[in-house]
Amino acid sequence: MNTNVSAKRILIYGDSYTFGKIPGGLRFDPATRFTGVTQSYLGSEYEIIEEGLRGRTISGENGFFPHRDGLKQFDGIIGSHLPLDLVIIFLGTNDTNSSRKSSPEELVSPLIKYIHGVSWWAKHLGFTKPRIALVIPPAIDEPASDKAFKNIFSGSGEKILSMQKLIKQLADDNKVLTFDASKVVIVSQVDGIHLDAENNHKLGKALAQFIKEVLWS
């Protein structure tokens with residue numbers, strides 16, 4: 001918790017990227033996770049609120065891991081953290097897994113409910129509506145993921161590429177921001193999905209710059 005009452009408050013709502021999953025391991029320490037790197041670069045004038053859950057989806061249950069429906073969980077989380085200056089939604093990778101049979105368009109479309117949800121909760125609790133940014137997730141290295149996760153991400157490589165474009169289009173259509181993580185990082189060869197320490201640092205540094213530009217523009 002940052003007790004600086006004038007600090008800009010940013011909620012990052014995501015999956016194992018935000019959780020800080022180590023490729024082939026458990027979890028990076030707070031200083032190594034990209035959220036911690038972002039906080040370090042921004043300093044005490046900002047507060048990063050980290051809400052990452054491994055396996056979390058945009059919407060619907062993850063067929064491989066229970067209790068991962070991101071949309072179902074979002075209301076309680078956004079309501080508990082207001083007031084906020086910026087809400088960053090970093091989801092999509094888990095929606096591509098082989099348990100999900102929906103098209104990329106169907107997988108991305110529930111993001112509009114997050115946008116509406118932020119507006120509803122801000123109005124409901126009497127706070128100024130925060131700005132919203134959708135993160136475009138990085139590409140998946142499907143051959144590497146097959147070695148690490150067997151069939152969990154089979155067919156995900158092509159699907160995530162379609163979703164990247166669709167997330168950008170949905171953001172543009174609804175006049176919210178985008179941050180393109182796919183242009184900043186590459187996934188680890190260890191598991192084809194997650195980020196090593198170096199790429200966590202790259203992402204954290206780039207996101208800090210993005211946040212500064214957004215909140216001081």
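Me: What is the bridge partner of Leu134 in S5?
Reply: Thr178 is the bridge partner of Leu134 in S5. Keep in mind that this is a predicted model.

Me: How many bridges join S4 to S5?
Reply: Four bridges join strand S4, residues 131-136, to S5, and the two run parallel.

Me: What is the strand order in the sheet?
Reply: The order is S2-S1-S3-S4-S5, in an open sheet of five strands with parallel pairing.

Me: Which strands stand at the edges?
Reply: Strand S2 (46-52) and strand S5 (177-180). Each has a single partner strand, so one side of each lacks a neighbour in the sheet.

Me: How are neighbouring strands turned against each other?
Reply: By 20 degrees on average, with direction ignored.

Me: Helices now. Which strands does H3 touch?
Reply: Helix H3 (residues 70-81) packs on the sheet and touches strand S1 (8-14), S2 and strand S3 (86-90). The direction of H3 makes about 165 degrees with that of S1.

Me: And which does H8 touch?
Reply: Helix H8 (residues 197-215) touches S1, S2, S3, S4 and S5 as it packs on the sheet. Its direction makes about 160 degrees with that of S5.

Me: At what angle do H3 and H5 cross?
Reply: Roughly 25 degrees, and the axes of H3 and helix H5 (residues 111-125) come within 10 Å. That angle is under 35 degrees, so H3 is roughly parallel to H5. The crossing is right-handed.

Me: Which residues make that contact?
Reply: Among them are Leu71, Phe74 and Ile78 of H3, and Tyr114, Val118 and Trp121 of H5. The residues of the contact of H3 with H5 divide into seven nonpolar, two polar and two charged.

Technical notes: Residues numbered from 1 in each chain as written. Predicted model: local features only at pLDDT ≥ 70, side-chain atom pairs only at ≥ 80, totals over all residues. Heavy atoms only, no water. Pairing = 2+ DSSP bridges. Axes fitted to C-alpha atoms, helices over the stretch in contact; angles between N-to-C directions. Contact = heavy atoms within 4.5 Å. Parallel < 35°, antiparallel > 145°, perpendicular 65-115°, else oblique. Left-handed = near helix turned anticlockwise from the far one by under 90°. Nonpolar A, V, L, I, M, F, W, Y, C, P; charged D, E, K, R; others polar.
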